Structures are given as C-alpha cells and as structure tokens.
Amino acid sequence: MSKFKFSVGPWNVAPGADSYGPATRNDVDFEEKVKRFAELGFSAVQFHDDDAVPNMNNLTEEEIKAEARKVKQILDKYGMAAEFVAPRLWMDPHTIDGGFMSTSAEDREFAMWRAYRSIDIARELGCDMVVLWLAREGTLCAESKSPVWATKMLVEAINKMLAYDPTIRICIEPKPNEPIDRSICGTMGHVMAVSAATIDPSRVGGNLESAHAVLAGLDPAHEIGFALAMGKLMTVHLNDQNGIRYDQDKSFGVENLRSAFNQVKVLKENGYGDNGEYVGLDVKAMRTTKDEDGYKHLENSLNIFKALEEKVDRFDYDFQKKCVETRDFEALEMYVMELLMGLK
Ligand code: XUL
Ligand code: MN
C-alpha cells in the first residue's frame, strides 16, 4: 500500500500528435478521463487554465468562474481533488515572444490576466496552487532581450500574483529549453533564487519534473533533494527521459530505473506528502499506442513507482552505513543493483 497520493493532468491522455505527424488516437472526453483516473487510483487532477475553462479568452471573469464551478462538480462526482492550475502561456498569439517577459507590454498584460484567471479558477476548484511552466520565457535570439531584465520581470509577475491573492502558492516548474532556446529559469536552483527574490518566499516553490532535470544535465533525485532541503518542493512531475533530446515524458522509470529508485527514495526519506503534497505524473503515451491502451503508460508509471516504494522499504540502511564507514562504495553500488534486479 503506497503512502503517497497521486495526481495527473488531462493532457496526459492525448491523441498522440507530434511536430511531424497528426493524431493517432481519438480525443477522450474530460469527464471520461476523470472517471478513469479515479479508477486507476489517482486522487487529484492537475489543470491548465483552459483545460478547466476552454475558450476562456472570450469569457468574462464571472463566466470563467461559473465554468470552473461546473468542472468542480465533475471532480466531486468522482471523489477527485484539483491539485493546481497552470496558465497556458504558450499557445496564444499574445505569447509568441513569451508572457511575463514578453517585450510587448500588451502581451505581458495578457499573461497577467491569464495568471489572475488561473488563480480564480484554482479557487473555484478548491486548490491554492498555481504552477508556472515558463514555456516561452527566455530567448530564441539571445540578443533579443536582456536576461537581467527578463529575470526581474518574472519576479515582478510573481509578486503581482502573490499580492492578488494573499494565500495562493506559486510553484515554478523549471525547464532549461524547449520550446524556448535559452530559458530564464531552467533548474531548481534558479527557482529557489527567484523565490527568495519575491515578496513572500514562503509561498513560492518548485515542481521538479524528472525529464526537465535530465534535459538540464542534472540528476532528478538531487534536484528534488535540493528543493526539499529548502522546504520548497510543492509538487513533482515524475516521468523519464532518454538523455538530452526533445522532451519525452516517458513512463516513470523506464529509461533509468536507478534514478527512478533514488527519486522515490529521497521523497520517502524526507516525508514528502506529509503536508498533502501529491506525487504527480507527467507522462505521455507513445504515438504508436492504440486507443484501447491509452492509459497504460499511467498504469505502468504507477506500478513502477509503487514497486520502487517497496524497494525503498527494503533498503538495508545498516548495510549502507557499514559501506559508508568502510568507504566501500563498490559494495554499496552492487547492493543497489542487486536490489533493483530482484536478487536481494
Ligand atoms: C512541459 C510540461 C508541462 C507542464 C504543465 O514540458 O511539463 O506539461 O507540466 O504545463
Ligand atoms: Mn510537467
């Protein structure tokens, strides 16, 4: 029995289109997804603002809240919570050159409008967290904007969100690149520094995605550990990634089982979840996956996570201590390999 609660986003069940080819699966209705998520053992749904309220640009603030209340009813029907709302600032004509750090004042205003509406939607859905995946916040042409100015604009935008709602929490999901070339806030270290520069650092933390850490050339478990040490790991997006290439969002643990084990281990050893945090999965089905298998990557990720939780429970800390005392890291490493291969 897992000690953790799990969350997932509606975008994690998708039709399989990529930059080079069209969809390979049918769209699935939102309510059907929520029903299946509940059946699979998830406790919460993660949202982009327009996952909850499609066409929100054409609605008034009151209409947006009313639409969000309808979504809350669907969640309630299946006993699901909402974990967070993330403004989708990468699809709109107003965010071609970024949102909070766009060089256009009008576009920056639009980004703030979406951020405030995301807070409103979060409140209607019964949650207190906004995630910022800063997709286009950086440069495609390095000389097109100052990284100093851009970083300050991000802090200013977050300060406005903190002021708009005195108890909302802002959670940055760092990613070093894609779709942007050079990101402004690419790692958990950047997130902690931005947090410290805001008017209320206690309400600004991070969402570590395994694949994003790998893209930054960093170890996901250490990134998680760093945020935990600062008391600022608000959620995680567990998945996997085959080296430094396009963002893959593979099922958790399928590329690097030892890394996945260490991610579960650092979460478990440090009481992650004790304050209500969810283990979020941000995994994508392969394009080749058929309609009838459209949830298998989620089931696989959950099963791998839970199997690794059992491995962590069986981890022999006395043996580890002995190895550390004798500086026999060869023995410790082999012990971990044997544990993961089922030989221990
Ligand atoms: C993009 C990514 C997003 C965010 C939510 O790489 O991970 O799905 O998690 O906006
Ligand atoms: Mn993510």
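Colleague: Does Met-334 count as buried, partly exposed or exposed?
Modeller: This is a predicted model. Met-334 has 43% relative accessibility, so it counts as partly exposed.

Colleague: Which helix holds Met-334, and which residues form the nonpolar patch on the surface?
Modeller: Met-334 sits in helix 12, residues 329–340. The patch has about 330 Å² of accessible area in total. Its members are Met-334, Met-341 and Leu-343.

Colleague: How much of the accessible area of ligand 1 does the protein cover?
Modeller: The residues around ligand 1 include Trp-11, Trp-90, Glu-173, His-212 and Asp-247. A polar side-chain atom of Asp-247 is 2.9 Å from an oxygen atom of ligand 1. On its own, ligand 1 has 290 Å² of accessible area, and the protein covers 93% of that.

Colleague: How far apart are the end C-alpha atoms of helix 4?
Modeller: Helix 4 runs over residues 105–125, which makes 21 residues. At 1.5 Å a residue it should span 30 Å. The end C-alpha atoms agree with that, at 30 Å.

Colleague: Which residue just after helix 4 takes a positive phi?
Modeller: Look just past the end of helix 4. The phi there is about 85°, and the residue is Gly-126.

Colleague: Which peptide bond is cis, with omega near 5°?
Modeller: Most residues other than glycine have a negative phi, and most peptide bonds are trans. Glu-178, in the loop between strand 6 and strand 7, has a positive phi of about 70°. Pro-179 lies in the loop between strand 6 and strand 7. The cis bond runs from Glu-178 to Pro-179.

Colleague: Is Asp-249 buried or exposed?
Modeller: Asp-249 lies in the loop between strand 9 and helix 9. Its phi is positive, near 50°. The cut-off for buried is under 20% relative accessible area. Asp-249 has 8%, so it is buried.

Colleague: Which backbone nitrogen lies 3.1 Å from a polar atom of the side chain of Ser-301?
Modeller: Ser-301 is in helix 10, residues 296–314. At 0% relative accessibility, Ser-301 counts as buried. The backbone nitrogen at 3.1 Å from its side chain belongs to Phe-252.

Notes
Residues are numbered from 1 along each chain as its sequence is written. Chains are lettered from A and ligands numbered from 1 in the order in which they are written. This is a predicted model: local features need pLDDT of at least 70, side-chain atom pairs count only at pLDDT 80 or more; totals for chains, interfaces and linings use all residues. Side-chain values use heavy atoms; hydrogens and water are left out. Patches are made of residues with over 30% relative accessible area and no salt bridge: like charges are joined within 9 Å, nonpolar side chains (Val, Leu, Ile, Met, Phe, Trp, Tyr) within 5 Å. Accessible areas come from the Shrake-Rupley method with a 1.4 Å probe; for residues, only the protein chains shown count as cover. A salt bridge is a side-chain nitrogen of Lys or Arg within 4 Å of a carboxyl oxygen of Asp or Glu. Helices (H or I, at least four residues) and strands (E, at least two) are DSSP runs, numbered from the N terminus. Buried means under 20% relative accessible area, exposed over 50%, partly exposed in between (1.4 Å probe, protein chains only). A residue is near a molecule or strand if one of its heavy atoms lies within 4 Å of it. A polar contact is a pair of N or O atoms within 3.5 Å; within protein, one must be able to donate a hydrogen and the other to accept it, and residues adjacent in sequence count only if both atoms are side-chain atoms. The expected span of a helix is 1.5 Å times one less than its number of residues.
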